[in-house]
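Please open the model in your viewer and keep the sequence at hand.

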Amino acid sequence: MLEPLGLTRAEQDLYERLVSNQPLTQAEVGDPVAADRLVALGLITLMPSDPPRYLVLPPDITLELLVRDRELELAKARQETVLLATRFHTSTARHEPPELIEVLRGEAEIADGIERLVRSAKGELSFSDAPPFMEDPSQVDQEPLEKLAEMDITIRILYDRTRSVDRPGRLAARVRGVNDGEQARVGDVPLKMLLTDGPMAFVPIDVNATKYTAGLLIHDPVLVAGLQGLFEQLWSRAIPLATYAGQSSSADEPTDQERDLLALLMSGLTDSESAAQLGWTERSVRSRIERMRLRLGTDTRFQAGYQAVLRGWLDPHDG
């Protein structure tokens with residue numbers, strides 16, 4: 001059953017022989033092509049003994065690495081599929097019925113389309129935050145988002161580590177949104193997507209643009225389903241944005257600024273990334289972490305984070 005990992009039947013048979021037996025010589029193996037392939041995959045190695053013998057490396061490690069490589073290839077293939085589908089619909093949009101796909105040009109049209117998309121949500125809104133970003137975010141009406149929360153609509157937001165995170169204050173501001181019921185994670189995001197179970201979706205036409213020029217408002221349920229599949233795969237690999245939820249104050253608890261710092265650090269951000277978010281210097285971040293570590297009576301950052309959770313300083317929200 002190792003064919004999905006790229007092994008031929010002959011390679012799998014040889015691998016199973018080596019797993020079940022002591023190291024075999026080149027003559028005992030009998031299939032040098034299959035043996036060379038297993039060596040190339042990192043499943044076995046040729047020991048420099050006399051005569052040389054093939055030794056199986058720990059399957060629980062080597063096979064898991066193959067599985068992860070194949071998952072990464074599939075994720076890239078899914079991403080490429082979505083990008084090609086977007087390109088196809090872009091090139092044929094003028095021939096498509098207007099109810100399936102709309103081409104939006106300029107920030108005003110895009111803001112109006114996004115507002116319609118948000119209002120279409122029935123039970124969930126999913127959003128991956130990556131460039132392009134609106135130069136004037138105030139053009140997007142925040143009222144629909146507030147109404148979604150009142151209507152018990154699930155909101156999931158996936159932030160890109162390297163492009164969303166470097167916008168000062170963006171993630172720190174979302175901490176409060178998470179406390180209000182939003183679900184947020186930080187990971188690798190290839191493109192901006194807004195999705196609802198309307199079904200409706202928005203994607204920019206140029207995923208490498210630094211500002212809005214044009215985008216697609218998609219009503220085609222097949223394409224929306226493909227984008228949703230990509231979002232779910234990215235979401236499953238992302239790190240939950242840890243935050244806190246209004247603990248009662250006491251002398252042992254952190255300040256609001258320390259809570260914001262803890263939330264970012266527990267979400268996987270580095271000292272420099274956290275400093276950019278909070279508008280501090282990296283030295284200030286390290287100094288505050290050290291002071292919290294001493295208050296918690298721990299020797300390492302890891303121990304401090306563990307103690308912060310045990311004491312209720314953070315209440316992680318995972319979606």
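Which residues have the most contacts inside the largest nonpolar core? In this predicted model, select Leu158, Met193, Val203, Ile218 and Leu227, which hold that position in a core of 20 residues. Next, colour the elements that each supply at least two residues of this core: strands β8 (193-196), β9 (200-204) and β10 (214-218), together with helix α8 (221-237). The greatest contribution comes from α8, with 7 residues.

Neighbours within four places in sequence aside, Met193 is in contact with Ser126, Phe127 and Ser128, with Phe202 and Val203, and with Leu227, Leu230, Phe231 and Leu234.

Display its side chain and that of glutamate 124: the two make a polar contact at 3.3 Å. Beyond four places in sequence, serine 126 touches Arg156, Met193, Leu194, Leu195, Gln228 and Phe231.

For the last stop, select helix α5, residues 106-119. Its 14 residues reach 20 Å from the first C-alpha to the last, close to the 20 Å expected at 1.5 Å a residue. Now show the buried residues of α5, namely Glu107, Ile110, Ala111, Gly113, Ile114, Leu117 and Val118. Viewed around the axis, these residues cover an arc of only 165°, so they lie on the same side of α5.

Notes: Residues numbered from 1 in each chain as written. Predicted model: local features only at pLDDT ≥ 70, side-chain atom pairs only at ≥ 80, totals over all residues. Heavy atoms only, no water. Polar contact = N/O pair within 3.5 Å; in protein donor to acceptor, adjacent residues only side chain to side chain. Contact = heavy atoms within 4.5 Å. Helix = DSSP H or I, 4+ residues; strand = E, 2+ residues; numbered from the N terminus. Expected span 1.5 Å × (residues − 1). Buried < 20%, exposed > 50% of the residue type's maximum accessible area, 1.4 Å probe, protein only. Arc of directions from axis to C-beta. Core = buried A, V, L, I, M, F, W, Y, C linked by side-chain atoms within 4.5 Å.
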